[in-house]
Every structure is written in C-alpha cells, then in structure tokens.
Amino acid sequence: MHKPRTSLQTHDVTNQPRPPGDLDLLSDPALFDPLMASFARRDAGSRDTQTAGQHIPHLTAFAKQVGARETRELGRQADENPPRLKAFNAQGERIDEVEFHPAYHALMKIGLEAGVSSRAWSHPGGGQIAHAALLYMMSWADSGVTCPMSMTYAAQPVLRQSDWASVWAEKARTPAYDPKAIPLAQKSAATIGMAMTEKQGGSDLRTNTTRASALSPQEVELTGHKWFCSAPMCDAFLTLAYEDQGLSCFLAPRWHPDGSRNQIEIQRLKDKMGDRSNASSEIEYRGAYARRIGAPGRGIATIIQMAHHTRYDCMIGSASGMRQAVCRAAFHVSQRTAFQKTLIDHPLMRAVIADLALESEAAIALTMRVGAGFDLSSENEREAALSRALTPLAKFWICKHQPAVVSEALECFGGIGFVEETGMARLFRTSPLNAIWEGSGNIMALDLQRALSDKTVRAVFNEDLTRIAAEIPETATLVEGLRSERPENLRLFAQQAALVFSADALAGSALRDMYVQTRILNPTPIWGAFAGRVDLTPAIARTTNWMMG
Ligand SMILES: Cc1cc2nc3c(=O)[nH]c(=O)nc-3n(C[C@H](O)[C@H](O)[C@H](O)COP(=O)(O)OP(=O)(O)OC[C@H]3O[C@@H](n4cnc5c(N)ncnc54)[C@H](O)[C@@H]3O)c2cc1C
C-alpha cells in the first residue's frame, strides 16, 4: 500500500500509533510458556510414548499463518459483511441456505485444514492441548468462524456413542473444508452444529417441546423449533427432542437419506451484537428426519460430553479475546504520547497494562492446565475427575472476565478505541458471548457444585487444594473455606476456587507472585489500583517486548 499523506492542508497527522503488522502468535510468552508447561504435564502423566512435542512444528507454522496481517484482515472483512439468509430461490422454492462473504470461507478453510476441529482426535498425544493452541490462535483472526469449528470438534465424543454415526465422526474429523450444501456421501468433510435451546428455555433443557415421532427403532421425524442454532450451514445438528422414553439426542442431517433437502427451515438469522461473521439462526423442524444417538431418554447425558468440550472452547476463546485486547492496548500505549511522555511511561497506565496483562496470562495458564486434563482424562481417572470440576470452574471465571478486561483495554486507546476501525469495538462486542453460551455463569457455578457432589471428584479437588495451600501458603485461608461442602454462595465459592487454581496454574511463571499479591492478598475491584508495592515490570515486559518485536 502507498504511504498515506500525513501533511494535510490544515494540520499534520502525528502521534497516531500504527496497527500491529505480522504476528508470530506462538512467540508470545503468554501462550508459549503455559503451552509448553501443559505439554510437559501431559507427557509426565501419560504412559503413551508419543510425546506432545509432535505438535510444535504444526503449531509454529499455523502461528505465523493466522497471525499474518493478511489473515487478520480476512477476519475484519468477514465481520463487516455478515451472512445473509437465502430461505428461497428465485422460483420461490425453499433452499434454506446462508450466503457468506468469501473471507468467511477463506478463514474456515485455513482453520479446518489446520485441524482446529480435528487435531485433538487425529493426533491424540497432547492433541487436546494442541487444539487449545489452534483455537486460541484462530480467534486472533476471527472468533465468529471458531463457532462451527468448536462445535465440530466437540461433537466427536457424542458421534462416537453410536456405531452408525461413525461415518459422520470420520468426516467431521477430516482436516478439510467442504462448504457445498450437498449430501454427506458426496462431501470430503463435514461440520456439525447443535440445536438444544428453545424459546422457553436454554439453561433448563427439560422444557424443550420438540417432539420425535418414531419412523423405525432408531429413526424419527422431528417437529418443533430451536431458538438458537448457530452455523446453520453445518451438515447436521445434534438435537434434543422428546420421545415417549423422555428427552433424547438425535442427529438431524441437512439432507434426507432419500437425497432431498431435510425439512429443517431457517426462519431468520439473529441480529447479534458480536461474532457477526457467523450466522446464528432460528429454525423449525417440520417433520425433519433424524436418527437417535445414545440411549432413548438419555439425551442430556448423551450431549453433555459435547457441552464439556464446548465449555473448554469457551474458555480458550475468552482467554484469546482478552490477550488480543491487552496486546493491542499495550502496543498502542507504547507508541502514543500525552503530556510529553509515552503513555506506557505514565505510572497509572503502567499499572493498568500490567494488571490486564497479568489477567490475560492467568487465563491462558488456567486454560492450558485444563487442557492437560482433557488429554490425560482417557488414561488417568484422577485427571478425569479433576477435569469434571475444573471445566465449569474455569469457564465461569475466564469467560466472565473477558468483557471487563476488553473494556479496560479499549479505554487505553482513548476515543479511537470506540471506533470500529481499530478492531477494539469488535473485540468488545464479542466479549460477553462465551459467558452466556453453553451455560451462563450461574449455571457454571451450579455445575461446579454438582461435580463436587461426586465423592471421587470432591476427593481429588480437596487433594489438589491441600497441595496448593502447601505450595502457596497465601492461599491457605481461601483453601480452608473451599473445603466446605455446603457453601453459602456458589458464585463466591467458584470465584475463590478460581483464584486458587489460577495461582496454581501460574507455577513457574514470573507473574505468580504478582497474582498472589494482587488477587489473593490485596484484591481491589478496579484494574491497576494496587495496594502496596507491586513489581509491574515482568507483566509489562512480557507483553510489550513481544508486540514491539
Ligand atoms: C451467539 C449465541 C449463539 C448460540 N448458539 C447456540 C447454538 O448453536 N445452539 C444452542 O442450542 N444454543 C445456542 N445458544 C443459546 C445459549 O446456549 C443459551 O442462550 C444459554 O444456554 C442460556 O439459555 P437462555 O438464553 O434460555 O437463558 P435462560 O435459561 O433463561 O437464563 C437466563 C439467565 O438466568 C440464569 N439462570 C438460569 N437458571 C438459573 C438458576 N437455576 N439459578 C440462577 N440463575 C439461573 C442464567 O445463568 C442466565 O444468566 C447461543 C447463544 C448465543 C448468545
């Protein structure tokens, strides 16, 4: 691009920071360090001889590809050109298709070919952790496209529950993007969506009214609606519906086995505040063909495996959204001056950037800790039990922090942060999403207690608390309170547990002392309002050194 004119007739344009250029996302220590720690934890806890290091060359290449300015520009274009519903063709016949901007397709291709949805399953040794790194980095380009990628990833444990669905499982874990609206047999790869939420209730799925009428012992016709069905161009949707035995889980393909379009009608696309590149729709099943997955009447138990994995993805997405906002803010204030000083050299700004940087690093560290549990769960009962508790806990905490972190980072830009062109507004509009989707905060706090009502889960949770209190004595008071099996306020319980496990996840990090001092010993509700002397340099340097190259 030719250099813009800075010398204008009425004034010279000065003191306007440049946007970041190409970024090598894996060279950010906030990602690299916890990723390596998580790989090491997985290798130490696994009997598998395949080490997690197998993923590093792949992640290194993807970090450069997706961090490139050109790829991030695709994200801007996809966000500014939202999808459009094509319910009918020119002849008035129903097609129920959604038209996306070419940038959306380009990003889907980049992410799916790199294995954002598939690598966790195709390369098991550390694959779940590698998935976290891939999804985290993909979100730097655009978080909207990560929605279908995430659902396709998370559908695997459900699709594996019925033999007949293996063809779907196989195509959903093929590292390719095939956007054509055609039957599965003709496709090289597939994406999977989920349809659970109805108008009368999303948290309480027992209120679903969609009915399934039997066509055969396994096959049904669905009648009813779904109020939120994201990425409606997916090839099939995991769906909850009632049959005589209770609420069951079904897979509703977009194409009927007879080769015709299935009776799934898209009513409209939601006018959403964020994640605009991705379509979220309202749909109706009008006698739509579907096939049961799992046991009849066990729909929630069947689909919960998907929710467990999408909750993992929610925390990954939020950790990424926070880190992007903080890095952008640090980059901006390292270039802009006010009152004869670069903004980052003003003590109050230093405190804010350091505090936000710390929060983003803690979120990534906790996410990667959870990721190691996902990898080890299949061979280690202790890790599986701990993962059951840490997943709702980390989702509650990390997703809830995203809007606050992004908002403060946006404020660091001053007025231009409020302007769409900087990309900060886009990060802000998207920031509340992960806290709502797949179980809002209260539901996560309740789910944590449900998890802890299991004796095995409670025992390993308590064991870890004891270990952490011994390693970080400043957590001892919080840990004592967390032993209570009947906490008065479940949100407070979740908050305190998250603080303890976040401090633990920062083991080996230069930032752990700062975390303990500012979150556990002297917490204050405002960013950068530290009580007492705090060494801000490591948190700032880790961020600015990377961003400023
Ligand atoms: C962008 C976007 C995309 C989505 N995509 C999909 C999709 O593809 N498929 C799909 O099925 N759904 C999807 N959803 C729906 C989402 O999962 C639900 O919105 C969510 O589960 C909450 O359900 P609800 O909206 O009915 O809220 P409600 O269930 O009415 O909850 C409202 C509030 O009440 C709280 N609450 C509920 N029960 C309790 C309780 N017992 N105690 C205390 N508080 C409680 C909740 O935490 C929440 O804050 C999407 C949502 C969004 C925003």
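This is a predicted model: local features need pLDDT of at least 70, side-chain atom pairs count only at pLDDT 80 or more; totals for chains, interfaces and linings use all residues.
A polar contact here is a pair of N or O atoms within 3.5 Å.

Stop 1: Select Trp437. An N or O atom in its side chain sits 3.5 Å from a nitrogen atom of the ligand. Move to Asn442. There, a polar side-chain atom is 2.9 Å from a ligand nitrogen. Now pick Ser230, where the distance from a polar side-chain atom to a nitrogen atom of the ligand is 2.8 Å. Show the ligand's surface next. Alone, the ligand exposes 970 Å², and the protein buries 66% of that.

**Stop 2: the shell.** Colour by secondary structure. Strand E3 (192-195), strand E5 (219-230), helix H13 (433-436) and helix H14 (441-452) each give two or more residues to the shell around the ligand. Select the shell itself: 20 residues, with Met196, Thr197, Gly202, Ser203 and Ser230 coming nearest. Colour by class to find 10 nonpolar, eight polar and two charged residues. Then colour by domain. Domain 2 (186-299) and domain 3 (301-547) each supply at least three residues of the shell.

**Stop 3: the second largest pocket.** Centre on Trp397, His401, Arg519, Pro523 and Thr524, the closest to the pocket's centre among its 27 lining residues. Helix H10 (347-376), helix H11 (381-412), helix H17 (490-505) and helix H18 (512-521) are the elements that give two or more residues to this lining. Finish by colouring the lining by class: 15 residues are nonpolar, seven polar and five charged.

Note on methods: Residues are numbered from 1 along each chain as its sequence is written. Side-chain values use heavy atoms; hydrogens and water are left out. A residue is near a molecule or strand if one of its heavy atoms lies within 4 Å of it. A polar contact is a pair of N or O atoms within 3.5 Å; within protein, one must be able to donate a hydrogen and the other to accept it, and residues adjacent in sequence count only if both atoms are side-chain atoms. Accessible areas come from the Shrake-Rupley method with a 1.4 Å probe; for residues, only the protein chains shown count as cover. Helices (H or I, at least four residues) and strands (E, at least two) are DSSP runs, numbered from the N terminus. Ala, Val, Leu, Ile, Met, Phe, Trp, Tyr, Cys and Pro count as nonpolar, Asp, Glu, Lys and Arg as charged, and the others, Gly among them, as polar. Domain bounds come from an automatic or database domain assignment. On a 1 Å grid over the protein atoms alone, a cavity is a set of points where a 1.4 Å probe fits but cannot get out, and a pocket is an open set with protein on both sides within 12 Å along at least five of seven lines; lining residues have an atom within 4 Å of a point.
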